[in-house]
Amino acid sequence: FSNEYGEARCVTHLSIIEVGFKKKLKKPGQIQEKVPDPVEFRKMLKKCAQPIKKEDDIDNEKIWEVLMNADKKDYERICMQYGLTDFRGMLTRLNQMKIEREEKQAEYVKSITNLKHIETKADGSANFGFDMELKNPNLTIFLFKDQQMIPYSMTDDGKHNLNHVGKHYNFCIKDLQPDDVGMYKINVEDAPIFATEVDINHIPVHFKRPLQECKCNEQEDAVFQCTISVPIPVEWAFKKRILESSDKYHM
């Protein structure tokens, strides 16, 4: 399976032993039939569409954090994802919230630019950051995950690290795991500065237990099992054909 953050493949073979028949031997001079290439699972992972939530079930604090830090072109998609139906009312409230946030930021910050959301790297880490000029270099910067304050290191030796050069602030989350999924927010003192989300699709996926070769007698069931590191939906394929649950296949 694969997604835009990484790719993982796992192939195996099924050998069926004919019951009551002898194995046919190759005749002298007969060309052995070419064995087909192993199945290539290039698109075993589909992006799982987020279920639309009922308005009563919406996590209000989270949805407004997402909207406050999103591009305008993404507003409609986010509203559909979280089940917000009053688009005009959302824009009115969002504009007022942005004004209040900017007024609070102005107490501590001269400027904030170049906001960059979560980006994953080949080493399994995630980064986000921005350029910011503080009015006082001694102000305290806080990192939150899902409203809980978490410690970070300034020396690149922790799970969460801050690299600060001039006006640029870059936060790094090392060794992404499912437990790292959540909303991350940066505050300067009590002023919210930026928020971004790590979702399950950011987590690198690998096989903890790959598929094993299977042998069975004719008319018997063949069972294939594997274990992946992240609880995400996968697809099964045979000869590049996606399999679906049926009387023949059970998944």
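Modeller: Buried means under 20% relative accessible area, exposed means over 50%, and partly exposed lies in between (1.4 Å probe, protein chains only). This is a predicted model, in which local features need pLDDT of at least 70 and side-chain atom pairs count only at pLDDT 80 or more, while totals for chains, interfaces and linings use all residues. Residues are numbered from 1 along each chain as its sequence is written, and side-chain values use heavy atoms, with hydrogens and water left out.

Colleague: Does Asp179 count as buried or exposed?

Modeller: Asp179 is found in the loop between strand E9 (168-173) and strand E10 (182-188); helices (H or I, at least four residues) and strands (E, at least two) are DSSP runs numbered from the N terminus. The C-alpha atom of Asp179 is separated by 9.7 Å from that of Ile203, 24 residues apart along the chain. Because its relative accessibility is 68%, Asp179 counts as exposed.

Colleague: What percentage of the residues in the chain is buried?

Modeller: The secondary structure comes to three helices and 16 strands. Among contacts (heavy atoms within 4.5 Å) between residues at least 6 apart in sequence, 61% join residues at least 24 apart. Of the 251 residues in the chain, the buried share is 34%.

Colleague: Which elements do the buried residues of H1 pack against?

Modeller: Helix H1 spans residues 60-68, and its buried residues are Ile63, Trp64, Glu65, Val66, Leu67 and Met68. Their packing partners are helix H2 (75-82), helix H3 (87-105), E10 and strand E11 (191-198).

Colleague: How many residues apart are Lys185 and Glu65?

Modeller: Side chains of opposite charge can pair when their charged atoms come close. A salt bridge here is a side-chain nitrogen of Lys or Arg within 4 Å of a carboxyl oxygen of Asp or Glu, and the side chains of Lys185 and Glu65 meet in one at 3.5 Å, N to O. The pair links distant parts of the chain, Lys185 in strand E10 and Glu65 in helix H1, and the separation is 120 residues.

Colleague: In the salt bridge of Lys73 and Asp74, which residue is buried?

Modeller: These side chains meet at 3.5 Å, N to O. Lys73 counts as exposed because its relative accessibility is 66%. With a relative accessible area of 18%, the buried residue is Asp74.

Colleague: Which residues are linked in a network of salt bridges with Lys104?

Modeller: Lys104 forms a salt bridge with Asp190, the closest N and O atoms being 2.9 Å apart. Lys104 lies in helix H3 and Asp190 in the loop between E10 and E11, so the pair ties together parts that are 86 residues apart in sequence. Lys104 is partly exposed at 24%, and Asp190 is partly exposed at 43%. The network joins Lys104 to Glu107 and Asp190.

Colleague: Which strands stand at the edges of the sheet?

Modeller: An open sheet of four strands has the order E7-E6-E10-E11, with antiparallel pairing; two strands pair if DSSP finds at least two bridges between them. Five bridges join strand E6 (residues 141-145) to E10, and Phe142 has Asn187 in E10 as its bridge partner. Each edge strand has a single partner strand, so one side of each is left without a neighbour in the sheet; the edges are E7 (148-149) and E11.

Colleague: How many disulfides does the structure hold?

Modeller: A disulfide is a pair of cysteine sulfur atoms within 2.5 Å. The number of disulfides in the structure is zero.

Colleague: Which cysteine has the sulfur nearest to that of Cys214?

Modeller: Cys214 counts as buried because its relative accessibility is 12%. Cys214 is in no disulfide; at 5.4 Å, the nearest cysteine sulfur is that of Cys216.
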